[in-house]
Every structure is written in C-alpha cells, then in structure tokens.
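Me: I'd like to go through the helices of this one with you. Shall we start with the terms and then take them one by one?

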Amino acid sequence: MKNLTAEINFEINKYIDELLSDKTKTFTQVKNELAQERFLHGIGFESIILEELQNRVTERALDRKISD
C-alpha cells in the first residue's frame, strides 16, 4: 500500500509540475480550470480529489513563488 501511495503522490506531483510549467496559462487560469472541473463534478470522490489537487497546486506555486 505504501508503494501505491508513493506512486500516486509522484504522479500527482508530476501533473502539478506540468500544470504550473505551462507558459500559455497564468497561475490564476490553472486554479480557475481546476475549480471549474471541481464544480462540474459536484459532490463525490472526484470533487474531493480535485480539491486536493487545487490545494497542492496552490502550495507548489507558493513554494516556487509563482504568481500572475
């Protein structure tokens, strides 16, 4: 189970890096797209995952001092 969790976290972090390295979008655009996806999924597992992804994107951006 630890390996699975580590692999999931690795993939999430890789995806976040891809989102934040997209030079065609601002940080606000990335956050808004995630918020829109979360809204579309309403209540449920997908919404919880998207909320966590949104939080991690914000944390990573703050760590890297990324802003618009």
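Reply: Helices (H or I, at least four residues) are DSSP runs, numbered from the N terminus, and the expected span of a helix is 1.5 Å times one less than its number of residues. This is a predicted model, where local features need pLDDT of at least 70, side-chain atom pairs count only at pLDDT 80 or more, and totals for chains, interfaces and linings use all residues. Residues are numbered from 1 along each chain as its sequence is written, and side-chain values use heavy atoms, leaving out hydrogens and water.

Me: How far does helix 1 reach from its first C-alpha to its last?

Reply: Helix 1 runs over residues 2-21, which makes 20 residues. At 1.5 Å a residue you'd expect 28 Å, and the model comes close to that, with a reach of 28 Å.

Me: Within what arc do the buried residues of helix 1 fall?

Reply: Buried means under 20% relative accessible area and exposed over 50%, with partly exposed in between (1.4 Å probe, protein chains only). In helix 1, Ile16, Leu19 and Leu20 are buried. They line one face of the helix, because seen down the axis (by directions from the axis to the C-beta atoms) they fall within an arc of 85 degrees.

Me: Which exposed residues sit on the face of helix 1 turned away from its buried side?

Reply: That face of helix 1 carries Asn3, Glu7 and Phe10.  The buried side, for its part, packs against helix 2 (27-41) and helix 3 (45-64), with contact meaning heavy atoms within 4.5 Å. So the exposed names you want are Asn3, Glu7 and Phe10.

Terms used
Helices (H or I, at least four residues) and strands (E, at least two) are DSSP runs, numbered from the N terminus.
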